[in-house]
Amino acid sequence: MSPKELKARYRNECLAARDAIPADERIEKGLAMLAHGGDVIDIEPGTVVSGFLPIRSEVDIRPLMARLRERGARLCVPVILDRNTIIFRELVAGAPLVPVGFGTFGPGPDAAVFDPDVMLVPLSAFDRSGHRIGYGAGHYDRAIERLHQKGLNPQLIGIAFDCQEVPSVPAEPHDVRLDAILTESGLNFVSEVIG
């Protein structure tokens with residue numbers, strides 16, 4: 001099986017496992033992520049943190065994002081501009097949200113665009129060494145590469161449920177390794193960058 005085929009298999013299996021989690025359990029698991037990461041993720045006042053608003057059966061990290069805002073973070077979320085590009089618009093409390101692609105909502109075009117210092121990255125599957133499988137479009141890989149080209153090195157924290165862990169993700173040259181993974185079981189560092 002090729003790396004691409006194995007990734008597709010893992011993506012399908014892990015998303016099916018995530019979909020099978022009852023909605024009330026997803027809420028509880030999201031609150032556990034808040035407990036494990038809300039006061040541990042290393043931020044200072046003014047740190048720009050990109051999160052995401054949940055789609056389908058993703059974990060709802062809005063409570064975690066709210067805690068990071070309380071600690072002084074400036075929040076932003078991804079907005080899909082086209083098939084290849086996402087940007088990160090500032091998420092301001094009380095500001096209206098509009099459809100922004102991929103079935104998501106986010107700040108409108110008048111919102112400030114940020115380069116994140118910390119990225120809370122959604123994923124379909126991960127392994128303990130920090131490799132991730134996204135949803136297949138490559139938006140985050142390209143966004144991270146653009147930040148690297150600007151000389152920026154955001155801290156990358158994968159967000160997933162425990163059931164999305166696989167033994168080993170077949171890493172390809174374009175894949176970007178995570179610094180940590182946050183699940184309902186805890187925040188696990190895979191490098192010294194934020195540990």
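User: What makes up the accessible surface of the chain?
Analyst: The accessible surface comes to about 9400 Å², and 53% of this belongs to carbon and sulfur atoms. Such areas come from the Shrake-Rupley method with a 1.4 Å probe, and for residues only the protein chains shown count as cover. This is a predicted model, in which local features need pLDDT of at least 70, side-chain atom pairs count only at pLDDT 80 or more, and totals for chains, interfaces and linings use all residues. Residues are numbered from 1 along each chain as its sequence is written, and side-chain values use heavy atoms, with hydrogens and water left out.

User: Why does the radius of gyration agree with a compact globule?
Analyst: The rule for a globule is 2.2 Å times the number of residues to the power 0.38, with the radius taken over C-alpha atoms. For 195 residues this gives a value near 16 Å, and the chain has 16 Å, so the two agree.

User: How many of the 195 residues are buried?
Analyst: Buried means under 20% relative accessible area, exposed over 50%, and partly exposed in between (1.4 Å probe, protein chains only). By that cut-off, 49% of the 195 residues are buried.

User: What makes a nonpolar core, and which residues touch the most other members of the largest one?
Analyst: A nonpolar core is a set of buried Ala, Val, Leu, Ile, Met, Phe, Trp, Tyr and Cys residues joined through side-chain atoms within 4.5 Å. The largest has 24 residues, and those touching the most other members are Ile41, Val49, Ile61, Leu68, Leu120, Ile157 and Ile159. A second, separate core of 18 residues includes Phe88, Tyr140, Ile144 and Val176.
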